[in-house]
Amino acid sequence: MEFSYQHAQSQRILRQRNMLGVTALVLAGIVALLLLFSVTRSREIVLQPVLRSPLTLSSAGVSREYLELMTRDTAILTLDRSPGSLDYWMKSVLEIVSPRAQGKIKADLLEIVNEQRGSSISQYFQIQSMEIDTANLRSTVTGKLNTVVGQKVVSSDIRTFQFSWEYSGLSLKLIGFGMVQPEKKKGGLS
């Protein structure tokens, strides 16, 4: 009888151990799934209204509204400058530039600063239209670029500028910008 009692006890302990092992495996699987979901889930930040509506940032991609606002502010920042604010202008532009594009853009900005420093030439830009391409992270701005020497406007031309962007995590950074050359009209006989 004692042998059958000990056998029953050991079978009960063996079943408990097996149940504990199965429970531990199920819990480990649940934890692994929760970690997987939390890593692959898109993150979002809701910003307070800047203009007309709340702005949401997502790790899934750049929203049209956010790219439009960044383009508007960047166009004004990069195209409005005067000799008295050149150092601040260059520093501000470089703060929104991607680290991988810093060298090239800084060299271009230094060239502009060296040309304009000590002169009385200023410029300002009036936006007339904007095209946003969220798929390629590119935006195009058309407007009137005004050049002022002293107190006199010496030129006021319609120009188009293109901005290229990089989106990493929840950060949108500038990787390039420049004036789009107008297409030359073909003339003459074909």
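Does F163 count as buried or exposed? F163 has 0% relative accessibility, so it counts as buried; buried means under 20% relative accessible area, exposed over 50%, and partly exposed in between, with a 1.4 Å probe and protein chains only.

A note on the source. This is a predicted model, where local features need pLDDT of at least 70, side-chain atom pairs count only at pLDDT 80 or more, and totals for chains, interfaces and linings use all residues. Residues are numbered from 1 along each chain as its sequence is written, and side-chain values use heavy atoms, leaving out hydrogens and water.

Now the pairs. Rings of Phe, Tyr and Trp (its six-membered ring) pair if their centres lie within 6.5 Å; planes under 30 degrees apart are stacked, over 60 edge-to-face, and the rest tilted. By this rule there are two aromatic pairs. F125 and F161 are edge-to-face, at 5.6 Å centre to centre with 85° between the planes. F125 sits in strand β3 (residues 121-133) and F161 in strand β5 (residues 152-168), 36 residues apart. Strands here are DSSP runs (E, at least two residues), and helices are runs of H or I with at least four, numbered from the N terminus. Both F125 and F161 are buried.

F163 and F177 are stacked, with 5.9 Å between centres and 20° between planes. F163 is in strand β5 and F177 in strand β6 (residues 171-180), so this pair ties together parts 14 residues apart in sequence. F177 is partly exposed, at 30% relative accessible area.

Last, helix α1 covers residues 2-40 and contains I30. I30 is partly exposed, at 42% relative accessibility.
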